[in-house]
Amino acid sequence: MTFSMKRMYAIFLKDLKDLSKNMFITSSMLMPLLIAVLYSRMDELSIDMIYLVINLSFSTIGVFVQSAIIAEEKEKNTLRGLMLSPATILEIFGGKSLVTFLLTLLTIILSARLIDYEPSSISLIAIALIISSVFYIGLGTLMGLLTKSVVEASVITLPIIFLFGFSTLLQTLINTYPILSFIEYLPNVQLAELAKEVQLGAGIEDIWGYLAIILVWGIGIWLLTTWFYKKKETAG
Amino acid sequence: MAGLLVIHSLEKRTKDSIIFPIFNLTIEKGDITAVYSTLNIRKVLLEIISGKTLASKGEIRINGVTIMENRNLFLSGVVLAFYEDGIYDRLKVRDYFSFYRAIYDSNQTIDQLLRITQLQDKQNQKIKTLTYSEKQRVRFGKQLLQHAELYIFEEPDLNVDVETRQVFISITRRLQHEGKGVLILTGNLESALTIADQVLRIDESGLQQIPTEKGESDSILDDPMLEAEVQPFQLNKIPTKVNDKIVLFDPPEIDYIESNDGQSHIYSNGNLFTSASTLNELESRLEHFGFFRCHRSYIVNLQKVREVITWTRNSYSLILNNKEKTSIPLSKSKMAQLKDMLGMK
């Protein structure tokens with residue numbers, strides 16, 4: 001089977017239409033925007049605060065929305081049809097991820113506007129954001145495959161939203177509890193550190209280490225997702 | 001081996017019980033075959049076909065390969081139309097069709113599809129606002145967009161309205177005309193007999209043909225039990241009518257017969273069939289098969305009676321040994337006769 005742009009686009013279009021009529025999922029976009037509105041009232045926002053909003057957008061949209069659209073396919077028994085169809089895993093998840101990717105980007109741009117975030121280098125931050133979204137959407141796909149219904153997906157993604165949304169705040173605890181030092185290597189923390197460097201005028205040569213760590217997370221999660229999907233496809 | 005679908009000595013056991021014993025089945029181009037079975041057998045069979053479960057013995061080939069040998073080639077040769085298959089119910093009918101048209105790269109036009117499924121005036125409605133029967137027609141539309149030589153339908157016309165059933169029947173004729181094979185898996189004998197040219201039954205004792213006047217029986221293969229069944233008993237069969245077909249029953253298959261408005265209703269395995277013969281005629285034909293006229297409007301197969309219940313001194317019932325534990329009235333005068341026959345005083 002060959003990769004067909006037409007099929008991927010059909011899945012993209014279908015999910016976009018379907019999502020636009022699904023209030024339960026689209027309303028989750030409001031959470032990061034709401035926090036952005038609250039923060040916009042404050043005078044001096046640290047990079048940590050700004051990235052709290054951005055990471056929250058990643059985990060609510062990238063993870064939750066992606067997992068919900070996949071879990072819904074399972075709940076309504078439509079994923080089986082797609083698995084039996086000529087559509088390949090790349091086309092199915094490519095189409096779906098594209099929808100989530102656009103929504104995530106839209107939310108991040110809107111919330112960045114709301115809190116007046118202006119990175120010193122837009123292009124470097126854009127690269128970092130895109131690489132991050134690969135990880136979050138992959139995580140959302142995996143969560144969608146692990147759960148059976150939208151409700152289950154929303155429950156299971158809550159701790160993930162907490163971990164990746166707020167763990168920048170937990171960093172202060174590392175000195176007291178050294179066991180938490182793994183937090184430094186989480187992609188969201190790496191992203192915030194990267195943004196701090198960029199704000200201080202760093203170039204691509206200074207931040208590639210951060211990018212590489214985020215990319216490793218992204219590749220790792222997609223490998224896991226693909227393995228899991230293949231296992232399900234040939235279950236039994 | 002030729003044949004769109006070749007099932008070769010397939011058997012499934014779980015733990016101690018046999019789900020179905022070894023059977024063979026081939027579907028050729030232009031066949032419309034129905035397999036009548038219980039829900040459990042049907043589910044297991046579909047799971048084996050779609051590769052979710054393994055058979056205990058035997059194999060299923062589509063396009064000449066088993067699902068293990070070449071999953072893509074196998075699946076490209078068959079449309080699996082599951083009962084209550086998932087549906088994107090927030091989409092409009094038209095959008096739904098164009099989505100699957102792109103997925104399956106079909107060249108069927110949407111308008112043609114809407115005409116076949118008689119959904120033209122619903123095309124801009126969201127699927128969730130449609131009735132159950134209309135949703136079923138949406139599924140038929142999706143299935144027609146999948147191009148394959150073989151269509152396997154699971155309970156295609158369960159609980160649907162007359163219009164939808166007509167749509168389905170014309171779809172099966174259209175597929176037959178295009179030289180495709182159709183296999184219907186159902187638990188409804190009446191529906192199987194109405195739609196298919198050839199009706200088979202699978203149960204714990206194997207695959208048997210349910211004789212219909214219409215259609216040939218070419219495509220059932222060498223099942224020794226089957227041959228033994230079809231041949232010698234012709235004269236003793238009881239004819240019944242289902243729509244325009246005549247279905248023949250072996251006396252032991254009949255549970256009981258009920259007279260209703262001058263017609264005789266023959267019950268077999270929980271299903272009802274009508275016969276043109278009167279109860280008296282049937283009684284004389286069936287007497288020596290162990291049938292008993294237990295009531296003015298009932299003949300019962302005594303082999304199937306489990307219990308005689310006495311409600312009052314003048315009211316009795318016979319309880320049958322079937323799943324529904326059907327009860328049949330037994331009149332007082334006949335009670336004495338029955339006691340005589342059973343050697344009770």
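This is a predicted model: local features need pLDDT of at least 70, side-chain atom pairs count only at pLDDT 80 or more; totals for chains, interfaces and linings use all residues.
Start where chain A and chain B meet. Chain B puts 22 residues into this contact, and chain A puts in 27. The size of an interface is often given as the accessible area lost when the parts come together. For chain B and chain A, that buried area is about 2,400 Å², and carbon and sulfur atoms account for 56% of it. Within chain B, the residues that lose the most area to chain A are B:Tyr88, B:Arg90 and B:Ile103, which together make up 29% of what that side buries.

Which helices of chain B each supply at least two residues to the side that touches chain A? They are helix 2, covering 71-76, and helix 3, covering 93-103. Helix 3 of chain B gives the most to that side, namely four residues. Sorted by class, the side of chain B that touches chain A consists of 10 nonpolar, three polar and nine charged residues.

Now look at chain B by itself. Chain B is split into domain 1, residues 5-229, and domain 2, residues 250-341. Five residues from domain 1 of chain B and five residues from domain 2 of chain B take part in the contact between them. Taken over C-alpha atoms, the centres of these two domains of chain B are 36 Å apart. The two domains of chain B bury about 430 Å² between them, with 35% of this area coming from carbon and sulfur atoms.

How many salt bridges cross the interface of domain 1 and domain 2 of chain B? There is one. A salt bridge in chain B is formed by the side chains of B:Glu253 and B:Arg201, at 3.2 Å from N to O. Two residue pairs are in polar contact across the interface of domain 1 and domain 2 of chain B. On the side of domain 1 of chain B that touches domain 2, there are three nonpolar residues, two charged residues and no polar ones.

The last step is to count pairs over the whole structure. Over all chains there are 34 salt bridges. In chain A, the side chains of A:Arg7 and A:Glu91 form a salt bridge with 2.9 Å from N to O. Because A:Arg7 lies in helix 1 (residues 5-20) of chain A and A:Glu91 in helix 6 of chain A, this pair ties together parts that are 84 residues apart in sequence.

Aromatic rings also pair up, and a search over all chains finds 23 such pairs. A:Phe93 and A:Tyr229 form an edge-to-face pair, with 5.3 Å between the centres and 80 degrees between the planes. A:Phe93 sits in helix 6 (residues 89-114) of chain A and A:Tyr229 in helix 10 (residues 204-233) of chain A, and the pair links parts of the chain 136 residues apart.

Methods. Residues are numbered from 1 along each chain as its sequence is written. Chains are lettered from A and ligands numbered from 1 in the order in which they are written. Side-chain values use heavy atoms; hydrogens and water are left out. Domain bounds come from an automatic or database domain assignment. Contact means heavy atoms within 4.5 Å. Buried area is the accessible area (1.4 Å probe) that two parts lose on being put together, summed over both. A salt bridge is a side-chain nitrogen of Lys or Arg within 4 Å of a carboxyl oxygen of Asp or Glu. A polar contact is a pair of N or O atoms within 3.5 Å; within protein, one must be able to donate a hydrogen and the other to accept it, and residues adjacent in sequence count only if both atoms are side-chain atoms. Ala, Val, Leu, Ile, Met, Phe, Trp, Tyr, Cys and Pro count as nonpolar, Asp, Glu, Lys and Arg as charged, and the others, Gly among them, as polar. Rings of Phe, Tyr and Trp (its six-membered ring) pair if their centres lie within 6.5 Å; planes under 30 degrees apart count as stacked, over 60 as edge-to-face and the rest as tilted.
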